[in-house]
Amino acid sequence: MTLVLSGARSRTERELVRRWTASTYGEDAAVQVVRDDVRELAGALDGADPDTAVVPVRVVWPPAERGSSDRPAAADLLSLSARRRGLRHVHARLRGWSADKGRVVAGEAATLDELRREGDRELGSPEGAGFVAFVRRRATLACDRAERRLTGDRYKVPRLMAEQITASAAVRGRAGELAERLGLSTEDVLAKTATCLEEMAAVQSPPAIEAFRTVMSPLHRRAWDVDVDTAGLEALREQGRHRPLVFLPSHRSYADPLVLAEVLHAHDFPRNHVLGGNNLAFWPLGTLGRRAGIVFIRRSFGDDAIYKFAVREYFSHLLDKRFNLEWYIEGGRTRTGKLRPPKYGLLRYLVDAAEQLGEDSPGRDPLLVPVSLHYDQLHEVGALAAEQGGAGKKAEGLAWLAGYMRDQQRRIGSARVRFGEPIGLRDAMAQAGEGPSQLEKVAFRVAVGINRATPATPTSVVTFALLGAGGRALTLDQVRAVVAPLRRLLGDEPTIADLDTAQGVTDTLCRLVSVGVVECFEGGPRPVWSIGPDRHHVAAFYRNGLLHHLLTRAVLEMSLFAVVDDDRELAPDQVLEACWEEALALRDLLKYEFFFPRKRDFRDELLAELERLAPGWRDAPASRQGAAEPLSRAEMLVAPGTLLPFVESQWVVATVLADHEGALDDRDAFLDACTGLGQQWWRQRLLHGADVVSRELFSSALRAADNRGLLGGDADPGARAAWRDEVAAVRDRLRRAADQEQALRAEVFDDDGQL
């Protein structure tokens, strides 16, 4: 006996199912077609033979074939909507359809005995209304999988989410444990969990996904050309067929999820479940976004144990069903242009959710995918930079969205999408070792992967050069003379190949002028370029996207300077170790500003960089003079431009903290004091650049102070002063390096600015 469980919802579809059944099984076969109705299905299952096969079927009306990157047409949205509604005869007239354009897809069959065993495992009971609901859910999911074979992997639609989760016997058991701790009944906990799930869960539908793409496309399609490195995407998509993928991108723009979604859509990946803050859940973004895969989560859970329970169970369900996830590990858009310290909350929920799955579940070991999203320019960078000086963040809403869309209509370069080396969660946890820092090490490994995937851009190279000019305006030839050694240092980077030509440098300067970052003075014999007034924070935003490429070289330079300054008597075999000790000290000082690799890998990278700076150094006896020589022969020194803004920002904080008595109770007032001192010092030209005065940099310096135990009321004033002096010493050394770098530049230019 065979039961065909039909999801047909119109006369045309019922006729299509009848024809399919007759052609598949024959007119005389023992086949019963049952509507997807609770009562009718319950009657059919009651007393049925255990060997009865249940075959779920659905009628699909595929849309017209289009390119993967084409914008959906209104007719496509109607056709997609028609899949889920009974008014197909109306849409058929609009599209000129006939019944022969419908396709019957059949989900994987299962015997009634198999379904009862599965229902027993999931529900704890193989009978009753709960079992009928289980069979219907299983049929829906089986038809979804069959439909994807026809329409492609882009529409992997999660259905009946809250019902599946709260019906699970395992979830009910964990809910019972939570109920006992909270002094509630299990049913109360499950009911509140279902409410939380309805609040957060994304209910994807193909019509909503296509409508979302259409409505939101003005946020990115006109602003950037998208440049994607497709190497490894095929292998990644194949891995995604066997285990869930967790995309962890860098966060620079509100448009990040849209850009990444278009890239994945174009390469036939299923839609990600994108985790975002509920501050963006306003109408219409929230209404449409939730149906297009956005999971709106509260910004803070507080002590709401049931909400935390719901998030964990939701993650477990998505992982177990092999849905892909996406969130921004920095927790918010970068204000400085470089990666922010990662947030660990959602990663903790992911780990817990994976661990409570069975060993045979594909979600037990999800694959973490670092993703770099990097832009030549951003329309919103001015607002981001203003927040560094203390300006408030503009609240999101309908008026904000309209303004943002308006700003995004002008073309401003390329958006570059790069995928880092995927990381298996279980291996990453094992390599991180046990202990309280285990999760932090995994998150930092992801951040390192993002940085390694992030390319240099012409904008970042040119702003690095202009910010290092000491306030001078430069001619085109002078800009090229500063860019050239930096270009050689960065190696064979195809993304900045245009900077090898005068036209490429000119085009980059003109783009920066067009958005007000750079100003061009043309009143003299030749045009000259400089950073525009009050635009240092914006220029620093673009420059900072380059710094991870220069970090190892910068630390090496400062380590060599420290060895030259060391007044101890050092034997030849001690020189290299003294250099390594200084590198570790810098690594510790700046560990809240930059993502350093593990110490073993860091040492290897430093030695490789030393070989580039001083080829054959291993064959010469180590000495102070030997350390000074490569610095004097270098084409350029990158340490001042790379490290000085962050060290000077830390110097401001350390100075204010050394004068502060007692515990640091009011952080906002303290940051205000740092901003005031920083602005004073900038006006006195005691700081290298205006970008040093940054609340985000000051906050990172506070984290470093907290790590040293310097913020509490019992903090030793002497320890605070010692930290200030340590930072000041590094700052002084960087200043001397900056003077040497300016001397190198002075050799490039003569007095009248001619090459």
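**View 1. Helices α20 and α23 pack against each other.** Helix α20 (residues 458–467) meets helix α23 (residues 536–544) at an angle of about 130°, with the axes 7 Å apart. Axes here are lines fitted to C-alpha atoms, for helices over the stretch in contact, and angles run from 0 to 180 degrees between N-to-C directions. That makes α20 oblique to α23 (angles under 35 degrees count as roughly parallel, over 145 as roughly antiparallel, 65 to 115 as roughly perpendicular and the rest as oblique). Helices (H or I, at least four residues) and strands (E, at least two) are DSSP runs, numbered from the N terminus. This is a predicted model, so local features need pLDDT of at least 70 and side-chain atom pairs count only at pLDDT 80 or more, while totals for chains, interfaces and linings use all residues. Residues are numbered from 1 along each chain as its sequence is written, and side-chain values use heavy atoms, with hydrogens and water left out.

**View 2. A look at the residues between α20 and α23.** On the α20 side you'll find Thr459, Ser460, Thr463, Phe464 and Leu467; they meet His536, Ala539, Ala540, Tyr542 and Arg543 in α23. Contact means heavy atoms within 4.5 Å. Sorted by class, the residues of this α20–α23 contact come out as five nonpolar, four polar and one charged (Ala, Val, Leu, Ile, Met, Phe, Trp, Tyr, Cys and Pro count as nonpolar, Asp, Glu, Lys and Arg as charged, and the others, Gly among them, as polar).

**View 3. Helix α20 also meets helix α22.** The axes of α20 and α22 (residues 502–514) come within 10 Å and cross at roughly 80°. That makes α20 roughly perpendicular to α22. Pro458, Thr459, Val462, Thr463 and Leu466 of α20 touch Thr508, Leu509, Arg511 and Leu512 of α22. Here the class tally is five nonpolar, three polar and one charged.

**View 4. Strands β15 and β16 make a hairpin.** β15 (residues 518–521) and β16 (residues 528–531) pair in the antiparallel sense over four bridges, with six residues between the two strands. Two strands pair if DSSP finds at least two bridges between them. Cysteine 520 sits opposite tryptophan 529 in β16, and valine 518 sits opposite isoleucine 531 in β16.
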